[in-house]
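Good morning, and thank you for making time for this item. Please look at the model on the screen while I go through a few of its features.

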Amino acid sequence: MTSLPHIIKLTALLSGILFSAHSQADTLRYNNAVYEGQVGIYNTKKGRIKKPNGQGTLRFNSGNVHKGMFSNGRPHGLGTRFYASGSKCYGRFEGGKMNGYFKCTYSSGARYEGTMQNNKRTIGRMTYSNGNVYDGAWRNGKPHGRGEKRYSSGNRYVGSWKNGKLNGEAVLRYASGASYTGYFRDNKKHGPGEYINTAKRISACLLYNMGDKVRQARSTGSRAECYDKARRW
């Protein structure tokens with residue numbers, strides 16, 4: 001019967017990778033960068049080579065710097081990516097990419113906290129330098145999907161986003177206490193909507209065309225009835 005040590009050795013050989021018994025500290029040039037830290041010895045078709053493995057720092061020719069854990073030559077595990085622009089992100093890397101929960105600060109003064117996949121934001125909160133806060137879904141670096149944005153003015157928008165702009169049905173709550181529920185397109189009111197101002201006892205149905213008010217009338221029923229009335233105008 002094959003012994004456990006032989007099984008372990010066979011598994012390592014089949015994977016094509018062999019680590020040294022103990023990670024060594026070294027400095028080496030690696031993929032257009034300079035690496036300083038722990039390394040492992042790997043078997044390749046070109047022979048045994050050293051790759052980042054363990055704790056270390058990788059300095060890219062671009063000026064970016066990665067500090068943290070490495071595996072098989074790539075950032076893998078907890079680490080911080082410092083960008084030449086002044087931005088930085090801290091979280092868990094997988095195979096060299098940001099995949100997991102991250103905290104980022106940007107050179108613009110904005111801060112992001114949330115999940116990332118393949119180096120891109122997916123669901124999280126961005127606090128902008130002007131005091132505005134967006135909390136929700138992202139795609140390709142922009143708000144996309146369901147989300148809420150709180151403006152420094154006190155206004156709050158809850159609803160749908162598309163490529164960074166207000167799109168679809170949403171609720172816009174004003175700092176005054178009034179609210180508008182309706183449809184938006186490219187950051188502008190577009191389609192039927194209902195405006196309510198309880199303090200002033202105002203309830204109105206409205207129809208907008210790319211931000212321009214087409215018509216307004218007193219609302220006397222439900223929101224659905226208000227929408228139907230506006231669509232018939």
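The largest pocket has a volume of about 170 Å³. A pocket here is an open set of points on a 1 Å grid over the protein atoms alone, where a 1.4 Å probe fits and protein lies on both sides within 12 Å along at least five of seven lines; lining residues have an atom within 4 Å of a point. The volume is the space filled by probe spheres set on the points, which are joined across faces, edges and corners.

This is a predicted model, in which local features need pLDDT of at least 70, side-chain atom pairs count only at pLDDT 80 or more, and totals for chains, interfaces and linings use all residues. Residues are numbered from 1 along each chain as its sequence is written, and side-chain values use heavy atoms, with hydrogens and water left out.

Which residues line the largest pocket? They are Tyr30, Asn31, Lys51, Leu58, Phe60, Asn72, Gly73, Arg74, Pro75, Gly95 and Gly96. Strand β3 gives the largest share of this lining, three residues; strands are DSSP runs of E, at least two residues, and helices runs of H or I, at least four, numbered from the N terminus. By class, the lining has four nonpolar, five polar and two charged residues. Ala, Val, Leu, Ile, Met, Phe, Trp, Tyr, Cys and Pro count as nonpolar, Asp, Glu, Lys and Arg as charged, and the others, Gly among them, as polar.

I turn now to the disulfides. How many does the structure hold? There are two, each defined as a pair of cysteine sulfur atoms within 2.5 Å. In one, cysteine 89 is joined to cysteine 104, S to S 2.2 Å. Cysteine 89 lies in strand β6 and cysteine 104 in strand β7, so this link ties together parts 15 residues apart in sequence. The link is right-handed, with 120° about the S-S bond. Cysteine 89 is buried at 5% relative accessibility, where buried means under 20% relative accessible area (1.4 Å probe, protein chains only); cysteine 104 is also buried, at 2%.

The sulfur atoms of cysteine 205 and cysteine 226 are 2.1 Å apart in their disulfide. This pair links distant parts of the chain, with cysteine 205 in strand β16 and cysteine 226 in helix α2, 21 residues apart. Cysteine 205 has a relative accessible area of 1% and is buried, and cysteine 226 is buried at 2%.

Terms used: Buried means under 20% relative accessible area, exposed over 50%, partly exposed in between (1.4 Å probe, protein chains only).
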